[in-house]
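Thanks for making time this morning.

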Amino acid sequence: MTAALRRATLVVALPAALLTAWWFASAGSTDFYRPPLSRILAAFGETWFGPRLVDDVLPSLARLGLGYAMALVIGVTLGVATGLSPRLRATLEPVLEFLRAVPPPVLVPILILVAGIGNTMKVLVIVSGCVWPVLLNTVEGVRNVDGVLADTCRSYRIRGQARLRHLVLRSASPQIVTGARQALSIGIILMVISEMFAASSGLGFTIVQFQRGFAIPEMWSGVLLLGLLGVALSVVFRVVEHRVLGWYHGIRAVQRQ
Amino acid sequence: MRRNLTALLFVTALLSTAACGGSTTPAPSQPGQPDKVTVGVIPILDVAPIYLGEQQGFFSSRDIDLTLTPAQGGAAIVPAVVSGQYQFGFSNVISLLLAQSTGLPLKVVSNGNNSTGVDEDFAALMVKADSPITSPADLAGKTVAANTLKNIVETSVRASVRKAGGDAAAVRFTELPFPDQPAALEAGRVDAVFVVEPFQQAVLAQGGRKIASSYVDAAPNLAVALYFTSQQLIAANPDLVRRFTEAMKESLAYADSHPDEARAIIGTYTQIAPEVIAKLTLPKWPAEINRESVRTLADLATEDGLLTKPADVDALLP
Amino acid sequence: MTAGKTGRTGKPAGRVRLGLAGLLGFAALLELAPRAGVVPERYAPPTSRIVAALVEQAGEQRFWTALADTARTWATGLAIAVVAGVALGVLIGATPLLRAATASTIEFLRPIPSVALIPLVVVLYGATRSSTLVLVVYAAFWQVLVQVLHGVADIDPVARETALSYRLGRWARVRWLVWPTALPYAMTGVRLAASVALILTITGELVIGSPGLGREIAVAQTSGAVPQMYALVLVTGLVGVAANLVTRGAERRVLAWHPSVRAEVPV
């Protein structure tokens, strides 16, 4: 077998085996809450490939994108400022640790008070959760800038904007990307949570309505869709990361040899 | 390092064994021992009778060892009853009709709570103090907050609108949990809210006013919620179901005739402030189910499009 | 945060003082905002009223029962996730064939958001502790597994060759080679998993209604008891901070022998 064929088999083997097992194990199921996989897949097609794709899925994704982008901007800005100033860090650290520990669904009523029940609130919920991994990882990244590089910059009198761009941000970027990766999975979770409470459309909203209306195969199909969404987004992220951090992966590979 | 490793493993093992504490399904009872029964309820005023009945011993005197488990809503209670984790559950009439129409094997055993049947009810359709809306007919094209969509709130509010001569289909509903509704009304994010106690008091306290009692408009002496069980339990242990039903009837009658004790018990399983409890309008707790109102609700739900197949009310009710 | 690097920040006492100042400033902000009318006072009470409600709650038995329930669910879920994550991580990581075969499945299951499972566990288990436990274990497990897999993959090739030339058996290799290398990564995984586990414990209790602090928050909400609800939110934050300190302390003790404290691996 050629190497490519072997690799393809390894990728597909286990998932295919698990899916087949699920199919046959649930085939004759009469349990209302554990429908056969065949029914779930049938429901998947008719539920999601229709007007719902535009009415519910796309708005949810748009809110996720906006919230994620805002979290990145806020997290990196605040993170760089905090990382560079030890006094600021010491002052803000306990407050940030505390805020981070409050679970997002608890924040939703508070955000409803402040921002109402429309798209603003949902985007704020996403931002409020995604900002933490980005912020904390940025702070760590900025703190761990290589001392030798910092001294080199000082001897060459590289200051201000140039120093920020070429030394601080670039050194911290692997750590920032780690934070962005964690923020992405949190973002998907929060997108669903923000729609479970005061919503009238959206992916999370639709799934919860199925659950409340006892439409169980449709509910399962929604869960599957969320899983596929998570996978798709993480693949996209990996592609972007490869391009942005290509230089870093190269250096690490050389160092390891 | 070996010491740390052992310590780590020990702590992990300890934590794992701590897990095996709580059990979920009650063990089958031996003859002579009371039956262990778990009932899924929602921690709201409507379920005061069962708490009161437990306190008064109506259940223990019938060999029922009662455990009341609060849940967030019918969506969590119905599956637990169907799977046997709870023996009985509490849910509103429309949720039960919906569940039955999808084929779930449920059967109602007892009444839960009713509307007071008069204008001063435990639930109301309310607007802000300075709102231009004066009658439900004005709600056409406006937004009303409902705690659950496609459920009893929509049915009742649309009935109010129809009664006032408005276009029921033109009312928009947005889902918002009860606790968040008073603030949203005040801030003008919704045009009207349909709230139950204690939030009715909260809206009144901020100056809001009532424009209709939708539970009264839907049907006379509307049965709002009922206690139910699964067909399996009825088949396996009909005697237990009968005893539970009798205990519930006694509890409902007691709560209906002893409102002060009902208020007292509400304070034990909710966190409603005592001064608010004193002002609450309590629901009515008749011991018998108002079958006519259940039929009316079923018709209204079919008319509004919530039920796609006509419901078999007689199969659902005892 | 991580150990070391206190030089530039000055004496530790100075840092503590600055931290306290930050906390007090935050509390003052939350006291003044409602009173100034920035947020409606009835629904966002000032700090003083929240603290008063907290003191009142602390005198009630149900509060401590709920706290114990939350702690138990958290600890149980974390323990199961850690044991399973470490065991599977070492097993899969040590065998190249297993690692290749399971990679796609892991990459598929990992990003599934745990909240997507909420409707599922509600219909399967109802409003019991088991539902929340499933959510917690699911989310925390992946954190640990991914870190351990990275740790096992990071074994120093020279050390591995040495172990093989000395003919160390499988178990000896695991004990002296795999375990010490993977342990720092595992501890990072435990730390990440701990905070995820706590957030999901409270979320599960809040949304599903399993016993614990989250459910008390929900009851306070449905009762319209606003200061009590915020008091419980405050407790939740404090519990999170405490959990973080505990896991960091554990990490520092277990890794006391390690030359440096590892940074989190890009996942």
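In chain C, where is confidence lowest, and where is it highest? It is lowest in helix α5 (residues 117-125) of chain C, at a mean of 76. It is highest in helix α3 (residues 61-94) of chain C, at 91. The score here is pLDDT, the predictor's confidence in each residue, from 0 to 100. Helices (H or I, at least four residues) and strands (E, at least two) are DSSP runs, numbered from the N terminus.

Some ground rules. This is a predicted model, in which local features need pLDDT of at least 70 and side-chain atom pairs count only at pLDDT 80 or more, while totals for chains, interfaces and linings use all residues. Residues are numbered from 1 along each chain as its sequence is written, and chains are lettered from A and ligands numbered from 1 in the order in which they are written.

For the complex, the predictor gives an ipTM of 0.74 and a pTM of 0.79. Chain C has an average pLDDT of 81, with 92% of the residues scoring at least 70. Two stretches fall below 50. Residues 1-9 of chain C are one of them, with nine contacts beyond near neighbours in sequence. Residues 261-267 of chain C also score below 50, with 19 such contacts. A contact means that the C-beta atoms of two residues, placed from the backbone, lie within 7 Å.

Now the fold of chain C. It has 10 helices and zero strands. The C-alpha trace spans about 70 × 55 × 30 Å along its principal axes. Of the 267 residues in chain C, 47% are buried, meaning that 20 or more other C-beta atoms, placed from the backbone, lie within 10 Å of a residue's own. Take contacts in chain C between residues at least 6 apart in sequence: 73% of them join residues at least 24 apart.

One helix pair to look at. α3(C) packs with helix α9 (residues 213-222) of chain C at an angle of about 135 degrees, and their axes are 7 Å apart. Axes are lines fitted to C-alpha atoms, for helices over the stretch in contact, and angles run from 0 to 180 degrees between N-to-C directions. The two helices, α3(C) and α9(C), are therefore oblique to each other. Angles under 35 degrees count as roughly parallel, over 145 as roughly antiparallel, 65 to 115 as roughly perpendicular, and the rest as oblique. From α3(C) come C:Ala66, C:Leu67 and C:Thr70; from α9(C) come C:Leu213, C:Arg215 and C:Glu216.

Over to chain B. Five strands make an open, mixed sheet in the order β2-β1-β3-β10-β4. β2 and β4 (106-114) of chain B are at the edges with a single partner strand each, so one side of each has no neighbour in the sheet. The twist averages 25 degrees from one strand to the next. β4(B) runs antiparallel to strand β10 (residues 223-230) of chain B, joined by seven bridges. Strands pair if DSSP finds at least two bridges between them. Helix α10 (residues 238-257) of chain B packs on the sheet, touching β1, β2, β3, β4 and β10 of chain B. Its direction makes about 5 degrees with that of β4(B).

Last, the contact between chains. Chain B puts in 36 residues and chain C 33 residues. On the chain B side, α1(B) gives the most, with seven residues.

How values were computed:
Buried ≥ 20, exposed ≤ 12 C-beta atoms within 10 Å, placed from the backbone.
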